[in-house]
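The following exercises concern one protein chain.

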Amino acid sequence: MHGRSRVFLLRRIHLKDSDRPRQLSCQTSPSPLPPDSNLKPLCLQGRLHEALLGMATLGAEVRFHGYDALLTACIDRRAFLEGQLVHAHMIKSQYLPSVYLATRLLIMYVKCDSLNDARHMLEAMPERNVVSWTAMISGYSQKGHCAEALGLFVKMMEAGQLPDEYTLATVLTSCTGPFGPKHGRQIHSLALKTNFDSHMFVGSSLLDMYAKASEIEDARRVFDILPDRDVVSCTAIISGYAQLGLDAEALEVFKLLHKEGMDCNYVTFSCLLNALSGLAALDYGRQVHGLVIRCELPFYVVLQNSLIDMYSKCGSLIYSRKIFDNMLERSVISWNAMLAGYGKHGLGSEVVRLFKSMVQEVRPDGVSFKAVLSGCSHGGLVDEGLDFFDFMVNDQRMKPDIGHYGCVIDLLGRAGRIEKALDLMKCMPFEPTTAMWGSLLGACRVHANVSIGEFVAQKLLDIEPENSGNFVILSNIYAAAGRWQDVARVRELMKERTVTKEPGRSWINLDKTMHTFYSSDRSHPQREQIYAKILELYERIKEAGYVPDLSCVLHDVDDEQKESMLLGHSEKLAIAFGLMGSTPCKLIRITKNLRICVDCHNFAKYVSKVYARDISLRDSNRFHLIVRGTCTCRDYW
């Protein structure tokens, strides 16, 4: 038994009487201890090699318990070669293993990542039970061989073997990809027929399958009917909401389950922190951090990484850095999270400085370089970013992938070097993605490059004709150039294709309540006070030098109407409400779903200066921290 040329002789064969497998003879007198009785103690003491020598010495005297002890030790230690020796000894001594021992051999091969040998083992077994089939299906599922797992499950059913709850829970993890939900629903039906649908393991796998397939309503229905919920099922539903970007729903589910006394582990908190990152809910994030400490959970690296990410995305880089600096062990993901945090805040110099420290401790990966290139892009460090990219191009160990090219195109576009960005897209060894074209189109809008903007917009309209953002940006480019007929033409085209623009909205959390504002929103209960406050702000900051940027109004109307329309932007409504409802000197935290316009940015800077209030404004691209009238972006975004 060596290499890949192993022979499996487990099927029944015709032998002469003298060659038949040994049988235990009946004895009337008390039998002494079996000859292989010392093998189990040796295995339990971790002396596997001595036990194998004992097996070889005993030869045909090894019995069931001896083989069982040896295989258990091999499985626990993932000892592949030693397991082969045990298997070879069975064959040479003509020992026909029971279904149990044959299954243990199969499990040994699965645990040692030798799936082909495990499958040969299964095929050679004259008799199989549900454990045998499930072990092989589990091996395929754990290694991502979903088609093989599902195919074997079908073969198991055809062989007349009914699955148990562990089989169903295992095969459901292989219901992925385009046809995953279809297969999953069929297995769900089988679980209903066999009354395993409410079993904890099956239920958790079902809701996880539906959540990963973006069928979160089905996942919630499965969750709601589970008679018992464990930490796995609770974590799965929270994770499902968070992965789909339904962050508010994830938070609400956690709050409900926490009141019911749900147990949490570090995975639960990591999933919740990801949701809070999306909500930019710093107050809740701090409470979760405190809950982690009170629960006395070990601070696993993955949990600390989630805390770093949450604090940075909620605008509190100081806390992110404190956690990072206090980590006893940092993975490359820890460094990447901190790099990305600095980059999103436009602190390009901090990104470069941290990266230089990183290379002294761990080896950067592709994500690290993306974080650095993105940080240089947001920070306006064009030359530094190009130097990093050139290093990757010339380094044989790590060639830039399409994501790195995308970062460089964004870097050049933000800096107004649009022609060079377009040239790079034409000569790079990849087909440009829609994200690259979108980044370049945004740069054309910022830098008023109408000719290239028209070319890029046409590319995008051909690739994704239903994306409203492309129509809106092209319309903005024409509006900034005063080409109102073209603006009307684009809007008419949007109507023809029934494309609707995503409305801009901003939200602020005050007293644990989320307040959301849309442009020219008059649905808030305090709308009269809010608009009165905006007018007050407008008059005071105009006295301080604020001049409305009318180019941000993309309608062909007179200047007075443009000023009025600007005052209705969702960011301004949120800022006014924040000043009304928060205590003096407290930081006002606002989040917006789209990119902040130039006028709202100027408005926020003047409010910060005149009212001596710090404002944190997170838009779809980055953070703007405005202190005493000065923004960390340095008006570069």
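How many helices and strands does the secondary structure of the protein chain come to?

The model is a predicted one: local features need pLDDT of at least 70, side-chain atom pairs count only at pLDDT 80 or more, and totals for chains, interfaces and linings use all residues. Residues are numbered from 1 along each chain as its sequence is written, and side-chain values use heavy atoms, with hydrogens and water left out.

Solution. The protein chain has 32 helices and six strands. Helices (H or I, at least four residues) and strands (E, at least two) are DSSP runs, numbered from the N terminus.

**Exercise 1. Describe the overall dimensions of the protein chain.**

Step 1. The C-alpha trace spans about 110 × 55 × 50 Å along its principal axes.

Step 2. The radius of gyration of the protein chain is 32 Å, whereas a compact globule of 637 residues would have one near 26 Å. The radius is taken over C-alpha atoms, and the globule rule is 2.2 Å times the number of residues to the power 0.38.

Step 3. Of the 637 residues, 50% are buried. Buried means under 20% relative accessible area, exposed over 50%, and partly exposed in between (1.4 Å probe, protein chains only).

**Exercise 2. Identify the nonpolar cores.**

Step 1. A nonpolar core is a set of buried Ala, Val, Leu, Ile, Met, Phe, Trp, Tyr and Cys residues joined through side-chain atoms within 4.5 Å. In soluble globular proteins, nonpolar side chains tend to be buried together.

Step 2. The largest core has 158 residues, and those with the most contacts inside it are L70, L106, M136, I237, F269 and L276. Helix α5 (residues 99-111) contributes the largest share of this core, nine residues.

Step 3. Apart from this core lies another of 32 residues, which includes I508, Y531, A576 and I626.

Step 4. Consider F269 in particular. Leaving aside neighbours within four places in sequence, F269 is in contact (heavy atoms within 4.5 Å) with residues including F254, C264, V288 and L303.

**Exercise 3. Is each of V408, E571, M565 and C585 buried, partly exposed or exposed?**

Step 1. V408 belongs to helix α23 (residues 402-414). Its relative accessibility is 1%, so V408 counts as buried. Not counting residues up to four places away in sequence, V408 touches L373, L386, F389 and L424.

Step 2. E571 lies in helix α31. This residue is buried because its relative accessible area is 1%. Beyond its neighbours within four places in sequence, E571 has contacts with S506, I590, K592, I596, C597, C600 and L617.

Step 3. M565 is part of helix α30 (residues 559-567). With a relative accessible area of 31%, M565 is partly exposed.

Step 4. C585 sits in the loop between α31 (570-581) and β3 (588-592). Its relative accessibility is 72%, and therefore C585 counts as exposed.

**Exercise 4. Which phi values are positive in D113 and C585?**

Step 1. D113, in the loop between α5 and α6 (115-124), has a positive phi of about 65 degrees although it is not a glycine.

Step 2. C585, likewise a residue other than glycine, has a positive phi near 75 degrees.
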